[in-house]
Amino acid sequence: MNKISIIISIYNIEEYIRKTIDSILCQSIPDFELIIVDDGATDKSGIICDEYARYDSRVRIIHQNNRGTRVARMVGIKAASTDYVTFIDGDDWIEKNTLELLLSALYEYNADIVSGGYVIDNDGDLNNIFKIEGSKVYNSKNGILEMFTGKYFNWSMCNKVYKKELFDDIDINTLSTESYGEDTFYNYLLFRKAKKICYIPNAGYHYVVRSDSLTHKPFSKRQFVYIDQWIDIINDCRIRGDLDIVNAVSNLLLTDGMTIINKAQTIYGRDDEDTQKAAQQIINAVDANYPNRYLYKNALWSSKTTSALASFYKCRKEELKKLLNDDSKIYLYGAGRIATEVAIFLEENKVDYFPVVTNTNGELFRCKYVKNYSEVILNEKDIVILALSEKNKNEVIDNIKHGNVLDFGKYSMYY
């Protein structure tokens, strides 16, 4: 009896599919079925797979009109006759003992999902990812946290074995209609249903980097789908009360999400309507989930990377203006790269500010005299913008006990 169903969705990969199938047929365990879903390929991919199906009874080929990877995988799952399924992209390949090791861990730990590491194969240049010593076992919540903090689990459906029953109640219509990046939300749903998730220190899955593949083409607005998916996950976890996961995915939203925005602005311009809408989605999502998100009132979030700061500031411009009144003063705490980014933002928007630091001997910062913060007398209408690294921010934060604090420094969460 077959132990596992291996599902491949193919579309115009005739140059790579033979190596993929050969790596599967020579696995150290022979008891499997290989289900190949030809998703309307217009090259010889489908013909090549038909050849394999004729001489190896373990290979089944399903031909269909092009409907996308997400639908093709569901077709494969419905056709599977075993209790376990795994997915392989049609241009990747696996080492000889990969399935044996994954299944052994699944049986040993009675897990619902087992994941290994993987190898990024860039024209022979190999880089092992998530390869550690010893196995790790998680419950559903902790497995999701690991997936979104990037420690052991990646978002891909590949390099994992799933109990097929996990897919039973998942309505593919609840997923994004965009196949690009569909694995993220799909895996979230599967990890949510799993009771036990295992990670093993094996990197037998080779993720082949192709310059012409969908995920390696130049940036496009299709990447905005990640923002939508992260927000959907944040909203679902907030309803469930899983604030640790909300925290982790919000972190991802404001780092990777704002990096996507920054790339889009570089290509399409800062006034691009779609980009502005996506950026505002990020801001709204964080605001909705953390109305009291910082130690001080009117505090704002920012990104881990200064490359995304300009995008973040632009979204916050109107909110900053609302805080200002005729009696307000803005003090910019810091004098490094982050403070320079903030200062440029303020100057471009014709907002006056006073640079302050802990100790100064009358230095200039962007043609302004720097004051000692200890000499500043704040009133409740004044605003202090912290533009510091995480390390330096922690050293000075206790000194700020009053006034409005806008945190434009390195991103972190406070309760």
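View A. Just after helix 7, G241 takes a positive phi of about 85 degrees. The model is predicted: local features need pLDDT of at least 70 and side-chain atom pairs pLDDT 80 or more, while totals for chains, interfaces and linings use all residues. Residues are numbered from 1 along each chain as its sequence is written, and side-chain values use heavy atoms, leaving out hydrogens and water.

**View B. Helix 5 against helix 6.** The axes of helix 5 (residues 140–149) and helix 6 (residues 183–193) come within 8 Å and cross at roughly 155 degrees; axes are lines fitted to C-alpha atoms over the stretch in contact, with angles from 0 to 180 degrees between N-to-C directions. The two helices are therefore roughly antiparallel (over 145 degrees). S140, G143, I144, M147 and F148 in helix 5 meet T184, N187, Y188, F191 and R192 in helix 6 (heavy atoms within 4.5 Å).

**View C. The largest nonpolar core.** This core has 89 residues, of which F87, F148, Y162, F167, L190 and I227 touch the most other members. A nonpolar core is a set of buried Ala, Val, Leu, Ile, Met, Phe, Trp, Tyr and Cys residues joined through side-chain atoms within 4.5 Å. Helix 8 (residues 243–268) gives the most, with eleven residues.

Definitions and conventions: Buried < 20%, exposed > 50% of the residue type's maximum accessible area, 1.4 Å probe, protein only. Helix = DSSP H or I, 4+ residues; strand = E, 2+ residues; numbered from the N terminus. Parallel < 35°, antiparallel > 145°, perpendicular 65-115°, else oblique.
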